[in-house]
Amino acid sequence: PEYAVPQAPEDPLFGLMAAFRADGDEKKVDLGIGAYRDNDAKPWVLPVVKKADILLRDDPSLNHEYLPIAGLTDFTSAAAKLILGAESPALSEKRVHSMQTISGTGAVHIGALFLRKFYAGAPTVYFSNPTWANHNQIFSNVHLPTSTYPYFSKSTKGLDFAGMKNAISSAPDHSIILLHACAHNPTGVDPTRDQWKELAMLLKQKRHFPFFDCAYQGFASGDLAKDAWAVRYFVEQGFELCIAQSFAKNFGLYGERAGCFHFVTSPSSSATSTTSRIASQLAILQRSEISNPPAYGARIASLILNDTKLFAEWEENLRTMSGRIINMRKALRSKLEELGTPGTWNHITDQIGMFSFTGLSEKQVAELRESSHVYMTKNGRISMAGLNTHNVEYFAKAVDRVVRE
Ligand code: PMP
C-alpha cells in the first residue's frame with residue numbers, strides 16, 4: 001500500500017547529471033559521472049569496439065537466442081585470463097568459476113547475495129571510507145552487516161595506511177574485506193605493492209575474505225597486467241576470494257552491461273569439487289535474478305579479447321584513454337601551481353584512474369557550481385575525463401577563486 005512506501009532520496013550522482021543537462025551556460029563543465037570523454041567532452045566509442053561491432057553485424061550465424069545461465073563461455077574464460085593472467089595456476093588447477101553478470105554492479109550484487117547465503121555467520125563487510133557510493137546499498141540490500149575502514153588521509157590526500165591496517169586487524173576474524181583492485185573510486189589513491197603485500201599478510205592472519213572490485217583494469221595505467229597486480233598477488237598467496245569485474249570503462253561499454261563474477265577457491269585436493277558446488281549455487285541465484293545475462297556487450301568484448309590483433313588494438317585504445325587522463329592531471333596541477341593557488345596540488349598527479357579527490361570542501365563545491373557552472377560531487381571528487389584542453393584552465397581559475405575566498 002502507498003502509505004508504507006516512503007519517498008526515497010534521488011540518487012545523488014544521477015541528480016547531478018540532470019542538473020548539468022538543465023544548465024544553459026555554454027561554459028559549463030561536467031566533472032560528475034565516471035564516464036570517459038574525449039578532448040571535446042564527447043563520449044568515445046573505442047575504434048576497436050566499432051570494428052568488432054561491424055564484424056558482429058556481418059556475421060550471418062548470429063541470432064538472438066538466450067545465452068546460457070552463466071553467460072557466454074568464450075567471454076567468461078577470456079575475462080578470467082585477463083584478470084588472473086593466462087598462466088595463473090588457479091586457472092590450470094580449475095579453481096576458478098566465472099559467471100557473466102550485469103556489468104560490475106551485477107557482479108558485486110551476485111557476490112553479496114552468494115556470501116549472504118553461504119558464508120557462515122553473516123560476517124560484516126568492511127568497505128574503505130570513502131568508497132563507491134553503491135557498495136553500501138548493494139550489501140545492505142542483501143542484509144549483510146557493513147562497516148568501514150579508514151582509507152583517505154585528509155592531511156596528505158593519500159592513503160591512511162596505518163588507520164586501514166588497524167581497522168582490518170581489529171575486525172572480527174573471517175570478515176569480508178572489500179578492496180578496489182586499482183584506481184580506487186572516489187579517491188584515486190591505491191596502496192603501493194609493498195602495502196598490498198602487508199595487507200595480504202594481515203588478511204591471511206585474520207582469515208578475512210577478500211572481495212575485489214575491479215572496474216578500471218587497463219583504464220587506470222594503460223597496462224592491463226599492472227592494474228591487475230594486486231588481485232594476482234592475492235591469488236598467488238592462496239586466498240579464497242572473489243572478483244567483480246566490469247567492462248564498462250575499459251571497453252567503453254557502459255550501457256551494454258558487460259561484466260563478470262569470478263570465485264577463486266584456495267589450492268587444496270578438493271578445490272575442483274568446491275568450485276563445482278559454488279558454480280551450481282551461483283547458477284541458481286543467477287536464474288532467479290536475471291535468468292541469463294545480456295549478449296551484445298559480452299560478444300563485443302569476447303571478440304576482442306580472443307583475437308590477438310584486436311586485443312593489441314584495444315591496448316592501444318586503452319593507452320589513448322589513460323594517456324589523455326594522465327595529461328589532464330599534469331595540466332591541472334601545473335595550472336594551479338602557476339596560479340599560486342593556496343595549498344599543495346601534487347595529489348592531482350599522484351592519484352590515478354578516473355577520479356581525483358581534490359580536497360575541496362562541500363561549500364567550495366557548491367560555490368563552483370553557483371559561480372562557474374562546474375558540476376562535481378559534493379565530496380570534492382572530480383572525474384578527470386571531464387577535463388580537456390579547452391576547459392582545464394577555466395576550471396583551474398575557478399578553483400583558484402574559491403580556494404582564495
Ligand atoms: N565498482 C566501482 C568501484 C565503480 O567505480 C563502478 C563504476 N562506477 C562499478 C563498480 C560498476 O560499474 P558498472 O556496473 O557500470 O560496471
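Modeller: Let's start with burial: a residue is buried if 20 or more other C-beta atoms lie within 10 Å of its own, exposed if 12 or fewer, and partly exposed in between, with C-beta atoms placed from the backbone. Keep in mind that this is a predicted model: local features need pLDDT of at least 70 and side-chain atom pairs count only at pLDDT 80 or more, while totals for chains, interfaces and linings use all residues. Residues are numbered from 1 along each chain as its sequence is written.

Biologist: Okay, let me try one. Is Gln 137 buried or exposed?

Modeller: Gln 137 has 10 other C-beta atoms within 10 Å, so it is exposed. You'll find Gln 137 in helix α6, residues 133-141. Helices (H or I, at least four residues) and strands (E, at least two) are DSSP runs, numbered from the N terminus. Gln 137 also sits 9.7 Å from His 109, C-alpha to C-alpha, though 28 residues separate them in sequence.

Biologist: Now the sheet. How do I read the way strands pair?

Modeller: Strands of a sheet pair through backbone hydrogen bonds, either parallel or antiparallel. Here, two strands count as paired if DSSP finds at least two bridges between them. This model has an open sheet of seven strands with mixed pairing, in the order β2-β10-β9-β8-β7-β3-β4. β2 and β4 (146-150) are the edge strands, each pairing on one side only.

Biologist: What does β2 pair with, and in which sense?

Modeller: β2 pairs with strand β10 (residues 258-264), antiparallel, over seven bridges. Thr 101, for instance, stands opposite Gly 259 in β10. At the other end of the order, β3 and β4 run parallel and are joined by five bridges. There, Ser 128 has Tyr 149 in β4 as its bridge partner.

Biologist: Why is β2 described as largely enclosed by the rest of the structure?

Modeller: Because six of the seven residues of β2 (residues 96-102) are buried. β3 is mostly covered too, with four of its five residues buried.

Biologist: And how do I read two helices packed together?

Modeller: Two packed helices are described by the angle between their axes and the distance between the axes. Axes are lines fitted to C-alpha atoms, for helices over the stretch in contact, and angles run from 0 to 180 degrees between N-to-C directions. Take helix α12 (residues 296-305) and helix α13 (residues 308-339): their axes come within 6 Å and cross at roughly 105°. That makes α12 roughly perpendicular to α13, a label used for 65 to 115 degrees (under 35 is roughly parallel, over 145 roughly antiparallel, the rest oblique).

Biologist: Which residues of α12 and α13 meet?

Modeller: Leu 303, Ile 304 and Leu 305 on the α12 side meet Leu 310, Phe 311 and Trp 314 on the α13 side. Contact means C-beta atoms, placed from the backbone, within 7 Å of each other. By class, this contact has six nonpolar, no polar and no charged residues. Ala, Val, Leu, Ile, Met, Phe, Trp, Tyr, Cys and Pro count as nonpolar, Asp, Glu, Lys and Arg as charged, and the others, Gly among them, as polar.

Biologist: Where are the cis bonds?

Modeller: One joins Asn 129 and Pro 130, with omega about 5°. Another runs from Asn 185 to Pro 186, with omega near 20°. Pro 186 is in the loop between β7 (176-180) and α8 (193-205).

Biologist: Last one: how many residues surround the ligand?

Modeller: There are 13, and the closest are Ser 103, Gly 104, Thr 105, Asn 185 and Ser 246. To be near, a residue needs its C-beta atom, placed from the backbone, within 6 Å of the molecule. Helix α5 (residues 103-118) gives the largest share of this shell, three residues. By class, the shell has four nonpolar, eight polar and one charged.

Technical notes:
Contact = placed C-beta atoms within 7 Å.
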